[in-house]
Amino acid sequence: MGFDVDALRKDFPILGRTMDSGARLVYLDSGATTQKPLQVLDAEREFYLTHNAAVHRGAHQLAGEATEAYESARHTIAGFVGAAEDEIVFTKNTTEGINLVSYALGNAGRVGPGDRIVVTEMEHHANLVPWQQLAERTGATLDWFGLTDEGRLDLSRIDELLDERTKVVAVSHQSNVLGTVNPVRELADRAHESGALVVVDGAQSVPHRPVDVTGLGADFLAFSGHKMLGPNGIGVLWGRRELLADLPPFLTGGSMIEIVEMDHSTFLPPPQRFEAGVPMTSQAVGLAAAVTYLESLGMAEVAAYEDQLTARALELLGEVPGVRIIGPRDLTARGSAVSFTVDGIHPHDVGQILDERGVAVRVGHHCARPIVKRYGIPATTRATFYVYNTPAEVDVLVEGVRAAQAYFGFA
């Protein structure tokens, strides 16, 4: 392993917190949001202390420094995913990035009556509802790839779904519930043969494994800063340069205009065309600091370490009678989200027992209700691991599950 987890944890003071129950915090909810290292907090604070001003708007020194910090962040983040700087659009989060694409494609007339939009049954609502809405607005048809019992995409209908009618394929790179890593390159190559565009939800992949947009083969990729050690309120949309240049703006107003007359306006080229208003500069600076932090660890090393934690969780939870893991049971094309149910105990009750022991997990349908419906369950308990977790914390999770069984009389 390329980094010292015990030393790394000192960058996250919150991990040393004792909860109201008296138990020490075991944070296993990074799939929802990650904790922030001091380096990220310091970068944001330093910006506000020394450089704060509105970017792209002033001729004074502070405005120049703020603009340089903002565009330097774009450069850093572009390099992280192998993109060109003018292909990186700052958004609030993954959800906004996907909505930007769906609205712009509709407004550009790229999707219309009789066309098909293809999604998957494992999508987060952020990569499902916008396409439902686009289909409703345009008269297009929404269809989807189903799931196998093992939690992987069922590609048996690929020839039917990816044909000349298909205009958009929207797919998560890594499922936030199942942990499944999808074959995006394979899907993208097939979709492109039919002339379709491919939109990827990278919220759960970019923080956890090396992602290069060129190798991925997609046309758009969206991800969120708060899921990769960065601040809330900042996300990224990557799009191929020629596609962004061909799309109309999503939001309009200041900062994205070229010429404004009383009866018409013209717009700047991307990425500024899609960044209306004063942007979230300190958050961009903080996200660049998070990227620098992750790069210092090495994304291949991050993925390898998470694999160790995930393997341990799958093995130990698999040994507990009555525990059913929802998703792949091995590490093949799999990330670090581990969702499970416990016979006879509602996931919310499991989560409550874990919380009393200091273990923070997510319970519910995880903004992916079609998944739990597919597997005939009301919800799951989900543990998601990241660079600051330890094998001992996996053990605490499993002990907590056994404690829940004992409490409800199922031990």
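Asp-86 counts as partly exposed, at 29% relative accessibility; here buried means under 20% relative accessible area, exposed means over 50%, and partly exposed lies in between (1.4 Å probe, protein chains only). The model is a predicted one, in which local features need pLDDT of at least 70 and side-chain atom pairs count only at pLDDT 80 or more, while totals for chains, interfaces and linings use all residues. Residues are numbered from 1 along each chain as its sequence is written, and side-chain values use heavy atoms, with hydrogens and water left out.

The side chain of Asp-86 meets that of Arg-241 in a salt bridge, 2.9 Å from N to O. The term stands for a side-chain nitrogen of Lys or Arg within 4 Å of a carboxyl oxygen of Asp or Glu. Asp-86 lies in the loop between helix 3 (61-80) and strand 2, whereas Arg-241 belongs to helix 9 (residues 241-245), so the pair ties together parts that are 155 residues apart in sequence. Helices (H or I, at least four residues) and strands (E, at least two) are DSSP runs, numbered from the N terminus. Arg-241 is also partly exposed, at 42% relative accessibility.

A further salt bridge joins the side chains of Arg-240 and Glu-242, at 2.3 Å from N to O. Arg-240 counts as partly exposed at 27% relative accessibility, and Glu-242 is partly exposed with a relative accessible area of 47%. By the 4 Å rule, the count comes to 18 salt bridges. Among them is the contact between the side chains of Arg-9 and Glu-393, 3.3 Å from N to O. Arg-9 sits in the loop between helix 1 (5-8) and strand 1 (26-27) and Glu-393 in helix 14, so this pair ties together parts that are 384 residues apart in sequence. Arg-9 and Glu-393 are both buried. Elsewhere, salt bridges link Glu-71, Arg-74 and Glu-275 in a network.

Seven strands make up an open sheet with mixed pairing, in the order 2-8-7-6-5-3-4; two strands pair if DSSP finds at least two bridges between them. At the edges are strand 2 (88-91) and strand 4 (141-145), each of which pairs on one side only. From one strand to the next, the twist averages 20°. Axes are lines fitted to C-alpha atoms, for helices over the stretch in contact, and angles run from 0 to 180 degrees between N-to-C directions.

Helix 4 (residues 94-107) packs on this sheet, where it touches strand 2, strand 5, strand 6 (197-201), strand 7 (220-224) and strand 8 (235-239). The direction of helix 4 makes about 150° with that of strand 7. Contact means heavy atoms within 4.5 Å. Helix 7 (residues 184-193) lies across strand 4, strand 5 and strand 6, and runs at about 160° to strand 6.

Within the sheet, strand 3 (residues 116-120) pairs with strand 5 (residues 166-172) in the parallel sense over three bridges. Val-118 has Val-169 as its bridge partner in strand 5. Strand 6 and strand 7 likewise pair in the parallel sense, over three bridges, and Val-199 stands opposite Phe-220 in strand 7. Strand 7 and strand 8 run antiparallel and are joined by five bridges, with Ser-224 opposite Gly-235 in strand 8.

How enclosed is strand 7 by the rest of the structure? Five of its five residues are buried, so strand 7 is largely enclosed. Cover is found on both faces: Phe-220, Ala-222 and Ser-224 are buried on one side, and Leu-221 and Phe-223 on the other.

Met-280 is placed in the loop between strand 10 (265-267) and helix 10 (281-297). At 19% relative accessibility, Met-280 counts as buried. With neighbours within four places in sequence left aside, Met-280 is in contact with Phe-90, Thr-91, Lys-92, Gly-233 and Ile-234. The C-alpha atoms of Met-280 and Phe-90 are separated by 8.3 Å, with the two residues 190 residues apart along the chain.

Finally, the surface carries a nonpolar patch formed by Tyr-407, Phe-408 and Phe-410, with about 340 Å² of accessible area together. Patches are made of residues with over 30% relative accessible area and no salt bridge, where like charges are joined within 9 Å and nonpolar side chains (Val, Leu, Ile, Met, Phe, Trp, Tyr) within 5 Å. Accessible areas come from the Shrake-Rupley method with a 1.4 Å probe, and for residues only the protein chains shown count as cover. Phe-410 is found in the segment after helix 14 (391-407) and is partly exposed, with a relative accessible area of 43%.
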